[in-house]
Amino acid sequence: MYDIIIVGAGPAGIFTALELVRQKRNKKILIIEKGRPIEKRACPKNKTKKCVNCKPYCNITTGFSGAGAFSDGKLSLSYEVGGDLPELIGRDAAEQLIEYTDKIYLEFGADSKVEGVGNEEKVKDIRRKAIKAGLKLVDCPIRHLGTEKAQEIYFKIEQYLLENGVDIEFLTNVDNIILDGEECKGVITSNTKGEVNTIYGKKVVIATGRRGADWLEKICEEHNILHEAGVVDIGVRVECRNEIMEDVNNVLYESKLIGYPDPFKNKVRTFCQNPGGFVSQENYDNDLAVVNGHSYKDLKSNNTNLSILCSAKFQDPFNQPIEYAQKVGELTNMLGNGHVLVQRYGDILDGKRTWQHELDRSNVRPTLVDAVAGDITSAMPYRPMLSIINFIKAVDYVVPGFASQETLLYSPELKFYSNKIKMDKNLDTNIKNLHCLGDSSGWTRGLMMASIMGVLMAHKID
């Protein structure tokens, strides 16, 4: 019998266990993770130069530290960035937890440098341009771990947990939870050897990340865990030359811009900006290939990439936003023969597809070398596509050259955190002793907010 069973070894689950150990709470803890230990996570694409669709799971999206640490490893140090958790626990509490959790990252080796601070006059100039363009600039200091450095930090945390008696089962699925009436008693697991086990615990914490959002949605439906369909984000990964983004990169590192472009007024935002970074591909269990981006501390490219996401909240009777986003991704993959599609912004405006020979002679050379040149507008729904086009035009006023002919748009970029679990300030669901954390809960987006939710969970455990 465990005191705490944690499903998922992403930041939310890790920091729940880590804070319990640091506080010497003397709890018997089990973490169950479908992927591998961080030291055994490696993408073969570094050698093969193309995605080989690893089985049983993609090493980029699963394993200790989750998908976030294998993208770019950025910690957003503002309560205004990273989801809706401040609405649940209060802004002051969120701010204090960010400061507290940031110190833990520093203890394990995070870079002491904070990006996006200082240069007040230059920030004012960027904000002035954003306002004129109808956009909001969100101030957000960034602690950039870097893809390779984040892996080193999380390896230290993994070893710390193991050395302090935390059990971690890798390559193990949680198939279901065990309920006795309206009380959670444990989980049912299966591993790659075909072994099925029943594990009991006093509390179960589900922290499966975006990777497990659809699984959690099914669990909620089966066991009447109160939830609601939240926002779904559909968008593109944009890539342009560093020279275009130079001023913003130097002043802010990450320009978090939000707009509500005509004609639909849907929220559109920038996300996960990677100066000198690389566009990457992630694969899900159903072989869905989606685009992401990362940046290293040392290795740099000639390009900057960032995500532009269009948010939609569906109304009754529709309540399957995750499935909707997956269908958009599947259609895009179909056009790319299983690969991510890339298209020049100018070709979108001209109503034509992009050809490989056009990319070959372009100033902007794709860092995702096996992306297929094509036409993303043949798969992207009209509403988000038009919103993204008009948003890019607005950003061009803030960053001249952003809407150039050669700017690259990759698709699909999808964020699966649309199932929002109903909880109180103590992170209690309507099922006794069951808690849901991180991006799969619908309350957070990104490393820092997921991490502080884990710390808060540890503080709430008796």
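This is a predicted model: local features need pLDDT of at least 70, side-chain atom pairs count only at pLDDT 80 or more; totals for chains, interfaces and linings use all residues.
## About the model

Residues are numbered from 1 along each chain as its sequence is written. Local features need pLDDT of at least 70, side-chain atom pairs count only at pLDDT 80 or more, totals for chains, interfaces and linings use all residues, and side-chain values use heavy atoms, without hydrogens and water.

## Helix 13

Let us start with helix 13, which covers residues 447-460. Helices here are DSSP runs (H or I, at least four residues), numbered from the N terminus. Its 14 residues reach 20 Å from first C-alpha to last, close to the 20 Å expected at 1.5 Å a residue (1.5 Å times one less than the number of residues).

Because 12 of the 14 residues are buried, helix 13 is largely enclosed by the rest of the structure. Buried means under 20% relative accessible area, with a 1.4 Å probe and protein chains only. Among the buried residues are Leu 447, Ser 451, Gly 454 and Ala 458.

## Two nonpolar cores

A nonpolar core is a set of buried Ala, Val, Leu, Ile, Met, Phe, Trp, Tyr and Cys residues joined through side-chain atoms within 4.5 Å. The largest has 75 residues, and those touching the most other members include Phe 15, Phe 64 and Tyr 105. Helix 13 gives this core its largest share, 10 residues. A second, separate core of 44 residues includes Val 238 and Tyr 345.

## What lines the cavity?

Gly 116, Val 138, Asp 139, Cys 140, Leu 252 and Glu 254 line the largest cavity.

Methods: Helices (H or I, at least four residues) and strands (E, at least two) are DSSP runs, numbered from the N terminus. Buried means under 20% relative accessible area, exposed over 50%, partly exposed in between (1.4 Å probe, protein chains only). On a 1 Å grid over the protein atoms alone, a cavity is a set of points where a 1.4 Å probe fits but cannot get out, and a pocket is an open set with protein on both sides within 12 Å along at least five of seven lines; lining residues have an atom within 4 Å of a point.
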